[in-house]
Amino acid sequence: METKEINLEKKAIKKAKRDRDAFDFLYRKYFSRINNFVFHRVKDKDVKDEIVSNTFFKAMNKIDTFELEQYQENTFSAWLFRIAISEIGNFFRTEKKHRKVKKAIHHNQHDGKEINRQIDFETVCKKLRNLSEYEQNLITLRFFEKLKHKEIANILQQKTNTIRVQIHRTLKKLHKFLEDNNYDKKI
Amino acid sequence: MTKKFEQQMENLDVPVLENDPLKNQLKRNLENEFFPRKDIYRQKFRIAVSFCVLFLIVAITFWIEPRLPTKLHQIAFGKKIVEKHKKIEHAPLDKPMLYTSIDNPKFSEKIIPEHYQEDVAYLIRHYSSQNDNAVVVVSKFGNEPKKSNDNIIY
């Protein structure tokens, strides 16, 4: 991101609660990223809609408290991702508590226009559920959202090297789960 | 094996949600929550009132001090506007009338001082035609108006 763009974003963040245009600018910029991330994590359209809505409502409510000092590239997106992760965590905790089995909407039930399906992705998604919430976030951010290690480090508030190691370990784990499912034959 | 797997994961074709109806729906909800219409009208009304007050202040200032626009013009453009009408200093009413004389070379040859009485005010009117023919009318002040002899019958 260029300095000009960062300054533009900073101004928009400052004005977002009062200025409709500033809000619109941020919303258009980040909606798709958050929407896709939540969708890849929960795989349920209704739940995804609820979590994305909560994420943006919370973000708008708390945008006044957002620290603009020492603002760097991806700081705001990292903040939004953190809210989304927290909301996803809340959802999974509540789901565990109530033992409610949500009716999952599979990817192949969506319109062809909206989703570009891949069976490999489906297999990975299934096995991903065996990992911890944190590990699922790592894999989703790195391989589904295609974020760089540095961006993930910003979101999860860790060092870049730590994230690199964690991703490596999680990948090993995921690979093992897939091997158990004879996935290794494909690899 | 892990490296190969990592590469496969990096090249994974991930489905992407496009044209999600939630985008517009959520945007509307957020706008209704944080930018209600009522607030917009209130804000516009406030702006309109502010402009009215500002305009009123400016109008009153110009009314109280009419030379202010000229001064502002001078400050802004650095040009001096030649005043067409200079301020006339009137003699105070409680003091005796001061005599004034105008030495107009145009009339000095045509008006003979002997024809006019001393301490009497005259009004000189100069009319000129398109052919440069001119008439000078001299009226004497202090003549009592003629009383009308007409009897008014109601």
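This is a predicted model: local features need pLDDT of at least 70, side-chain atom pairs count only at pLDDT 80 or more; totals for chains, interfaces and linings use all residues.
Of the 187 residues in chain A, 49% are buried. The secondary structure consists of 8 helices and 0 strands, and the order of elements from the N terminus is accordingly written α-α-α-α-α-α-α-α. Among contacts in chain A with a separation of 6 or more, 66% are between residues 24 or more positions apart.

Helix H6 of chain A spans residues 133-144. This helix is largely enclosed by the rest of the structure, because 10 of its 12 residues are buried. The buried residues of H6(A) include A:Leu138, A:Ile139, A:Leu141, A:Phe143 and A:Phe144, as well as A:Glu135, A:Gln136, A:Asn137, A:Thr140 and A:Arg142.

The loop between helix H6 and helix H7 (149-156) of chain A contains A:Glu145. Just after H6(A), A:Lys146 adopts a positive phi of about 55°. A:Glu145 is buried but forms no salt bridge. Its nearest side chain of opposite charge belongs to A:Arg33, at 6.9 Å, whereas a salt bridge requires a side-chain nitrogen of Lys or Arg within 4 Å of a carboxyl oxygen. The side chain of A:Glu145 does make a polar contact of 2.6 Å with the side chain of A:His40. Beyond its neighbours within four places in sequence, A:Glu145 is in contact with A:Arg33, A:Asn36, A:Phe37 and A:His40, and also with A:Thr140, one of the buried residues of H6(A).

Technical notes:
Residues are numbered from 1 along each chain as its sequence is written. Chains are lettered from A and ligands numbered from 1 in the order in which they are written. Side-chain values use heavy atoms; hydrogens and water are left out. Helices (H or I, at least four residues) and strands (E, at least two) are DSSP runs, numbered from the N terminus. Buried means under 20% relative accessible area, exposed over 50%, partly exposed in between (1.4 Å probe, protein chains only). Contact means heavy atoms within 4.5 Å. Lys and Arg count as positive and Asp and Glu as negative; His and the chain ends are not counted. A polar contact is a pair of N or O atoms within 3.5 Å; within protein, one must be able to donate a hydrogen and the other to accept it, and residues adjacent in sequence count only if both atoms are side-chain atoms.
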